[in-house]
Each structure stands twice: as C-alpha cells, then as structure tokens.
Amino acid sequence: MITKLKPLTLAALISAVIVSCSEQKEEQHDKDKPFASRYQAQEYAPVFIKNATVLTATGEQIDNGSVYFKDGKIVEVGEDLSEPGDDDLLVIDADGKWVTPGIIDVHSHLGVYPAPGVQTSADGNEMTAPVTAEVWAEHSVWPQDPQFSLALAGGVTSMQILPGSANLVGGRGVTLKNVLGRTVMDMKFPNAPHGMKMACGENPKRVYGSKGRAPATRMGNVAGYRASWIKAQDYKKQWDAYNKSVENGKPGKKPKRDLQMETLMGVLNGEILVHNHCYRADEMAVMLDIAKEFGYKVSTFHHAIESYKIADLLAENEVCSAMWSDWWGFKQEAYDTVAENVALVDKAGACAVVHSDSAVGIQHLNKDAAKAMTSGNKMGLDIKPKDAIKWITINAAKSLGVEEHTGSLEAGKMADLVIWDGNPFSVYAKAEKVFIDGALKYDRDDKTVQPSSDFDLGVLKPQENRL
Amino acid sequence: MKMLSMKVLSKKILISLVIIVCPVLASSLAAQTLLIKNAKVHTLSSQGTLNNADILIEDGLIKSLGKNINSRADNTIDAQGKEVTPGIFAVANSIGLVEIDALNQTMDAVTADELTGASFSLEEAFNPNSTLVPHNRAQGVTRTLISPAYGNGHLLFGQGAIMSLSGDYHPVIAKSVAIFGSFGERASNQAGGSRATALKQLQTLFDESREYADNYQAILAGEYRELNHSIDDLKAMQAVIERKTPVVFNVNRASDIMLLLRFAKKNSIRIILKGAAEAWMVARDIARANVPVMLDPMNNIPASFESLGQRIDQAALLHKAGVDLIFLGQGFQNTHNAHTVRHSAGTAVSYGLPYDVALKAFTVTPARIFGGAESYGKIMPGYTAELVIWDGDPLEVTTSAEEVILAGKLVDKTTKASRLRERYQDISTEKNTAYRK
C-alpha cells in the first residue's frame with residue numbers, strides 16, 4: 001500500500017491513475033479530477049454461496065462449488081468450502097444453480113442511444129467531422145436510460161459505452177459499472193482506461209462521401225487516420241518536451257490544450273485503448289500496419305465478422321476480436337459470416353469476445369456465447385462452458401483493460417458475479433441474482449431489488465413503475 | 001468438396017445419425033421413399049409428442065406415422081431419439097427480396113412508387129438463388145411469409161405471400177395472403193402528423209373500397225368521381241372487405257390497438273396485430289375479438305413513446321388471456337437470420353409460455369392464420385414432408401438442425417458460410433486460400 005503520494009509529473013499522474021491502482025489515496029485524488037469516477041460500492045454483508053456449479057472464467061468448472069466474498073472482494077472460490085464464521089454472513093444455497101463472473105459487454109450504446117429512441121436523446125454519433133476524438137461518450141450518457149436495468153437482469157455488471165461508428169475517430173468510450181446513479185460519474189468503473197472508438201470501412205466513407213467531402217473511399221479513410229496520427233505525434237512531442245522541462249525545474253512554455261489531440265496522444269502514450277469497428281479481414285490488417293507506423297496498439301476489433309480469415313495475425317498481434325455469434329448481411333462488409341468465427345478465433349489462440357452492440361443482445365450474451373460454442377463444437381472443436389464463458393467475461397475485461405479487477409472469480413477481484421437459475425449456456429437460463437462489488441444489485445425474486453430508472457416511474461400508469 | 005465436408009463431420013454426428021442409402025433397383029415408376037426411425041416427433045396435432053416413432057415419407061408426403069414401421073425405403077435415417085418438428089415457417093421478412101440490407105439495389109421489399117399501396121405484391125420479385133435461402137434453410141426454415149417493408153407512403157402498403165425455400169423457380173405456396181399496414185407514430189407522420197388524420201385516411205380507403213365494389217363498372221369506364229386510391233389498390237382491397245384476407249397492422253400503443261379493434265369491428269374486417277408492444281395491457285379485448293398477435297418475443301425495449309409497455313413476458317401474458325401467437329425473429333435480423341426465431345421461442349418459454357404454444361408459434365399457427373395449414377404444420381399422414389431433425393431440443397441455443405427435409409427429400413446444407421468455413425478452418429499450413437475450393 002502506498003501511504004503517501006510522491007510528487008508526480010502530470011503525465012505520470014495520468015498514467016498512474018489510469019493504470020490499475022486500487023490504493024485508497026490515489027482513488028481519492030482521482031475523485032477530485034473533473035469527470036472522474038464517483039462510483040462507490042454499496043456496503044453489503046459477507047456472502048457465502050454454496051452447492052453451485054461455478055464457472056470461474058479461469059478455465060475451471062467447479063461442481064459443488066462455493067464462492068465467498070466480503071467487503072466487495074472475492075475471498076475464496078473452491079469446491080465445497082467450509083462456511084466462514086462472519087456474524088452477519090449471508091448464506092445462499094445455490095443447489096442446481098450456476099455461478100459465473102458478471103457479464104461484460106465491450107460494445108454498448110446504452111445511455112448514448114437510450115430508450116425511447118427519439119432524436120432528442122440520440123447522442124451517440126457526432127457526425128459532423130470525420131475525426132471527433134475530442135468527444136467523450138460519457139458526456140452523452142443519460143443515466144436514467146431504462147435499458148441499463150434490463151441489461152442488469154441479463155447478468156451484465158460492466159460495459160463499455162462507445163460513440164457510434166460514423167467517424168474515422170468517433171471519440172472516447174467509457175467503461176461503466178451497471179449501477180444506476182444520478183450522474184454518469186456515479187457509474188464510472190474506477191480507474192478503467194478510456195477507450196477510443198475508430199471505424200473502418202463503409203460507415204465513414206458513406207457518411208462523409210455522401211456530403212461530398214473526404215473520406216469517400218477506403219483509401220480516403222486510411223489517409224484520414226494517418227493524417228490525424230501525424231498531428232498527434234507532433235502534439236505529443238510538444239507535451240513531452242514541456243513535461244521534461246517541468247521535471248528539470250525549468251518550465252518552458254506550456255503548449256495549448258487541444259481536446260482532439262489529447263485523446264489521440266492518450267493512445268500514443270498507451271493510456272487509452274483503441275476499439276476499432278472493423279469488419280473485413282484485409283482492413284484489419286491495414287489498421288494493424290497503421291498502428292505499427294505510429295507506435296500504438298489496437299486493443300480490439302469490433303464486429304469483426306472476418307476475424308476467422310486472419311485469426312493467426314490477430315493472435316500474433318495480441319488483438320481481441322469482439323463478435324456476434326450469427327449477425328450478418330446488413331451491409332456488404334458483413335456478408336462473409338461464418339457461425340464458427342468466435343470459435344476459430346479462440347482456437348487460433350487470439351482473444352475472442354462476444355459483444356452485443358444491441359440493447360436486446362446485451363441481455364442475452366450468455367445465449368450468444370452458447371450459440372458460438374455450439375457452432376464450434378459442430379465443426380469438431382471441443383469447447384466447454386468453462387471455456388466459452390471467457391468470451392463474455394475475462395476476455396471482455398482484457399479488451400477493456402480491467403482484467404486485474406474483474407472478469408473472473410479469483411480471490412482479490414471485485415465480487416462481480418451472477419447466480420443463474422440453471423446452466424447459463426441454455427436458452428432457458430435466467431440471471432437470478434446479480435452482485436456488483438459484493439452487493440446484491442438485482443434479485444429476480446424480489447421486486448425491491450430490481451432497479452427502476454426515473455423514466456420507468458409513472459410513465460405507463462401513474463401509480464406504477466413501467467414494469 | 002465431398003471429402004472435405006466428410007472430414008469436418010464430427011465423430012458424434014457420424015455415430016449418432018446413420019443414413020443408409022440403399023441402391024434403388026426398382027424401375028423409375030417406384031415411389032421415392034424415406035423412412036425416419038426412432039424419433040421424438042412433435043406432431044403438433046392432437047397426437048401430441050410421440051417417442052420412438054417412425055415417419056414414412058413417400059413422394060414428398062408423409063405416408064404413415066407410428067411405431068415400428070418396417071417398410072423398405074430408399075433412404076432410412078435412424079434418428080436415435082432425436083426430435084422432429086415441422087420445418088420453420090418464418091414470417092414477415094424479406095427473404096429472397098434482399099441480399100444486403102444497406103444496398104438498395106439488392107432490396108425489392110420496398111418501393112417509393114406512390115401509386116402502389118395495398119396492391120404492392122412481391123412474389124414475382126423473389127430470388128430463389130439468394131444466399132439467404134440456403135442459409136436459413138440449412139438451419140430449418142422451409143417456408144416464409146414475405147412482406148413489404150414500410151415506405152411507399154401508404155397506410156396499407158402491400159401484400160404478403162407464402163414462399164417455399166426449396167430454391168427452385170416455382171417458390172410460391174400462396175399469394176396475397178395478407179395486406180400489411182401500419183398505425184401509430186409512423187403512420188401519423190405520413191398522414192399529416194396526427195393519428196386522427198391517419199384514421200380518417202384509413203377509413204377513406206375502406207369507404208372507397210366499398211364504393212369500388214358497388215360501382216366498379218362506372219369507375220372502370222371513367223364515369224365516376226375521382227377517387228383517392230388507384231384502381232389496383234382498390235381491387236386488392238376487395239379480398240379484405242370480403243373478409244377473405246386479413247390486414248396485418250404494425251401497431252404498438254394500447255390505445256391504438258383498441259382503436260384498431262373498433263375499426264375492424266366497424267368495417268367488418270379481419271386483422272392481425274404486429275409488434276404490438278402494449279398488447280398485454282389490452283389482452284382480454286384482443287382475445288375477445290379473436291385477433292392474433294405477431295411479435296418478437298425477445299423485444300422488451302421501450303423503443304418509442306408508443307411502446308413504453310414493451311416487456312419480456314408479453315407472449316406468456318397474451319397466451320394466458322387466450323390470444324393466438326405468431327413469432328417474429330429477432331429485430332432487424334428477422335430476414336438474414338430468420339431461423340433464430342426458435343431461440344426467441346425458447347426465451348418466451350423461459351418467461352412462462354407453454355412449450356407447445358411456443359413451437360406452434362413458428363410452425364402451425366402462422367399456417368392456420370395465413371394459409372397452408374391443410375398440408376403443412378402438422379406431422380401426420382397426408383401432410384407434406386417438410387421436417388427438421390434436431391440434434392437436441394429444437395428451442396435450445398445449443399441445438400442445431402441435423403437434417404432438413406423439404407418435399408420429402410434431404411436438403412443439402414451447404415451454404416456460402418459453410419464454404420467459407422471450410423476454406424478457412426485451417427489457415428496454418430498454406431496461406432493461399434484462393435485456391436481452396
């Protein structure tokens with residue numbers, strides 16, 4: 001534990017805060033910063049779940065498993081553990097039930113495209129210029145979007161809210177805990193790195209080409225990314241020099257802040273993770289070369305319909321692919337679907353993630369993973385629930401840079417977990433209880449533990465909640 | 001090709017499903033027969049579900065159903081207890097009318113032709129070679145109700161037709177089985193901005209349809225006042241006012257549903273509600289009017305101010321009230337992935353809908369309501385052999401279609417996607433994939 005904050009340079013401070021630090025002092029410091037997380041885990045009794053089938057997302061299935069968590073953190077996971085001695089211990093007999101880590105969706109627009117889907121609150125796509133790295137999705141998120149609670153009932157404990165895909169660079173994404181709050185800051189996953197949305201292919205060239213401006217082609221797209229990175233490199237150089245001068249005690253002239261460049265520089269500094277909407281394999285390969293040219297890393301290709309064609313290259317570059325089990329055909333770059341995409345990416349040793357990009361899909365990610373698993377097994381692979389669960393938990397956490405904190409059931413991690421009423425890889429399975437940081441945030445059997453947003457109140461019948 | 005596909009068959013499949021192809025020695029006059037042994041058969045008839053049953057198929061029809069049929073057949077499949085259902089009847093989609101949604105030139109389910117409303121019919125535009133046909137067929141869809149997409153500025157905007165996914169050039173099973181329409185926010189928008197004017201326009205269409213029936217000779221001779229609707233549209237409406245053809249209304253708000261129930265009663269027409277977000281709020285009225293509801297059971301999003309009541313257990317609530325249910329597939333994927341309607345049905349079951357009602361909602365119920373039920377939708381002698389053998393519970397996400405039978409024959413399950421998977425399933429050895437056939 002760090003007890004005293006050392007004097008830090010601005011850059012070091014930013015990276016220290018963004019890189020996973022759970023230390024109390026720094027968290028407090030972080031909270032003073034504008035737009036920082038003000039999420040506070042709810043206090044809750046220690047919980048001991050017993051007799052469950054546990055998928056740990058570390059590759060294990062524990063039959064007759066127990067999970068013990070306390071003060072928001074997982075204490076122990078194992079087979080048939082003996083009951084701990086806490087006075088206020090809450091014991092849950094989960095006989096016949098399954099426990100998994102909380103589901104994580106790396107691609108969601110909840111809050112930025114809330115329900116009802118009307119123009120006045122459609123705030124996900126800043127379609128006014130091909131590069132809008134300066135916008136932050138969190139500044140659009142409407143915390144009262146009733147869809148957050150629906151996702152919670154589907155077992156989703158964390159998600160990344162991204163800007164849309166109209167632009168080459170769409171802006172910053174934000175990772176949220178799926179807790180209702182009065183402000184978006186109350187929902188922000190503490191210390192999670194920002195994401196930065198980029199988009200390949202059809203969308204940017206259609207949106208801007210149809211306005212008679214660049215980009216109108218895929219080569220125009222690539223020229224646009226590269227031009228931005230050249231500017232960002234220059235900007236970074238100015239700030240690096242300035243920070244160095246401060247360190248040397250002879251501060252030079254402070255460069256002028258540029259919000260667009262700050263985001264891009266964050267990527268070049270390794271503090272912001274690139275989430276790249278990209279369907280076609282050949283385009284992904286081009287994007288990897290751009291990353292090479294400018295010295296950054298792509299965290300994840302999203303909607304990666306053709307990842308199976310270059311699964312080896314993706315493994316080699318340690319890039320995640322976020323995929324659907326079966327969506328296809330809505331545009332040409334989504335034509336070459338194979339139901340085995342997720343399984344083939346996984347088999348190649350690359351990081352496979354199942355994502356939703358849908359307010360309905362986010363509620364059923366377990367079923368989508370089950371479909372992807374089934375297609376893989378049908379072609380002769382041997383994928384078990386204990387493996388496939390990773391696609392919607394720990395691999396998603398990796399994609400978002402929060403894998404040290406959540407995504408698997410391991411001692412010391414956030415107690416984000418779901419009790420399912422049966423095998424989650426079944427169409428009939430439903431999340432029964434959802435815990436976030438050790439606190440029960442959803443209980444299917446108890447109306448008082450089912451959150452309603454402000455929007456849900458009195459909107460159908462004045463005396464009632466929407467559902 | 002053949003050798004490659006054999007390689008990818010898992011051992012499990014090979015062991016569990018043995019297809020014995022006996023050489024046919026008899027003359028060409030002999031009937032083509034297929035025998036399915038030891039299946040769990042969801043007959044969807046009064047016989048319910050039969051275990052260890054055999055199905056004998058001859059010349060495309062189910063000849064007999066029962067235990068221990070020992071007839072010699074050209075092909076015999078030992079289903080080893082696996083489940084058999086009728087083929088999936090997908091509804092209200094654009095299969096065969098679209099290749100890629102975002103490419104208008106590949107999309108025939110919508111027209112901007114303002115003169116064509118209720119008469120807009122699609123069956124001639126159907127392309128049996130579309131990749132969507134084998135894609136859905138390989139996963140159990142054997143027939144579909146194609147429907148127009150909203151867009152030509154009419155409140156009633158075109159006709160549905162039932163098409164076979166056989167892939168041949170004669171796919172029409174039945175045409176003009178329904179007229180599709182819309183009421184609510186979007187309809188109001190094109191009718192001057194208010195539900196009140198939309199209702200007025202709708203009434204005018206029905207009034208003029210009756211006028212046409214009474215005065216068609218004068219109208220055709222040009223000796224009648226000018227009407228607001230084209231002759232073609234008014235002709236198409238005759239089957240509606242004669243109660244032969246129902247109108248499928250896309251509608252969501254409870255008050256709009258009530259309005260349409262009154263409208264249907266007043267005009268003495270048959271209607272079906274589609275989407276129907278808030279149908280559960282007026283479920284008893286819908287049941288009393290004997291109006292079926294077509295819905296996507298996965299959709300619980302209050303996506304507009306007219307669908308605030310959208311909820312996940314709506315199918316069960318409507319069934320409990322006595323409403324007939326037809327299932328749509330999942331959102332915008334109801335065309336490319338119409339086959340996933342069975343997963344939606346499974347979700348409806350998990351939220352309280354009885355299993356057999358869910359199964360019927362994408363097989364026999366739409367056939368009963370739109371047509372074709374005399375020969376499809378039940379597994380019994382005399383019915384068409386349009387079946388799927390599933391490797392597990394047909395509603396389950398871990399289940400696949402093992403064999404699809406259409407017109408009595410086993411369907412080749414090759415698709416563009418399966419070809420791509422074969423080409424790319426092993427990229428470790430040789431990089432030039434373009435020469436992999």
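Me: Which residue of S7(A) is the bridge partner of A:Ser108?
Reply: In this predicted model, A:Ser108 has A:Ile161 of S7(A) as its bridge partner.

Me: What makes S6(A) and S7(A) a pair of strands, and how do they run?
Reply: Two strands pair if there are at least two bridges between them, and S6(A) and S7(A) are joined by 4 bridges, so they count as a pair, and they run parallel. These two strands, together with helix H3 (residues 147-153) of chain A, also make a right-handed β-α-β unit.

Me: How do you know that S7(A) also pairs with S8(A)?
Reply: The cut-off is again at least two bridges, and 4 bridges join S7 (residues 156-161) to S8 (residues 169-177) of chain A, here with the strands running antiparallel.

Me: Why are S6 and S13 of chain A said to stand at the edges?
Reply: The open sheet has 8 strands in the order S6-S7-S8-S9-S10-S11-S12-S13 (chain A), with mixed pairing. Strand S6 (103-108) and strand S13 (351-354) of chain A each have a single partner strand, so one side of each is without a neighbour in the sheet. Between neighbouring strands of this sheet the turn is 25 degrees on average, direction ignored.

Me: What makes S6(A) mostly covered?
Reply: A residue is called buried when its relative accessible area is under 20%, and in S6(A) 6 of its 6 residues are buried.

Me: How do you know that A:Cys200 and A:Cys278 are joined by a disulfide?
Reply: The two sulfur atoms must lie within 2.5 Å, and for A:Cys200 and A:Cys278 the value from S to S is 2.2 Å, so the pair is a disulfide. The torsion about this S-S bond is about -90 degrees, and therefore the disulfide is called left-handed. The link joins distant parts of the chain, with A:Cys200 in the loop between S9 and H4 and A:Cys278 in the loop between S10 and helix H7 (281-294) of chain A, 78 residues apart.

Me: Why is A:Cys200 called buried?
Reply: Its relative accessible area is 1%, and the limit for that word is under 20%, so A:Cys200 is buried.

Me: What links A:Cys320 to A:Cys351, and which hand does the link have?
Reply: A disulfide joins A:Cys320 to A:Cys351, with 2.2 Å from S to S, and with 85 degrees about the S-S bond the link is right-handed. A:Cys320 belongs to strand S12 (residues 320-323) and A:Cys351 to strand S13 of chain A, 31 residues apart, and both cysteines are buried. In the whole structure 2 disulfides are found.

Me: Why is A:Ser307 called buried?
Reply: A:Ser307 lies in the loop between strand S11 (298-302) and helix H8 (311-316) of chain A, and its relative accessible area is 0%, so A:Ser307 is buried. Leaving aside neighbours within four places in sequence, A:Ser307 is in contact with residues including A:Met284, A:Leu314 and A:Asn341.

Me: What makes the pair of A:Ser307 and A:Ser321 a polar contact?
Reply: The limit for such a pair of N or O atoms is within 3.5 Å, and the side chains of A:Ser307 and A:Ser321 make a polar contact at 2.8 Å.

Note on methods:
Residues numbered from 1 in each chain as written. Chains lettered and ligands numbered in written order. Predicted model: local features only at pLDDT ≥ 70, side-chain atom pairs only at ≥ 80, totals over all residues. Heavy atoms only, no water. Axes fitted to C-alpha atoms, helices over the stretch in contact; angles between N-to-C directions. Buried < 20%, exposed > 50% of the residue type's maximum accessible area, 1.4 Å probe, protein only. Polar contact = N/O pair within 3.5 Å; in protein donor to acceptor, adjacent residues only side chain to side chain. Contact = heavy atoms within 4.5 Å. Right-handed = clockwise from strand over helix to strand, strands pointing away.
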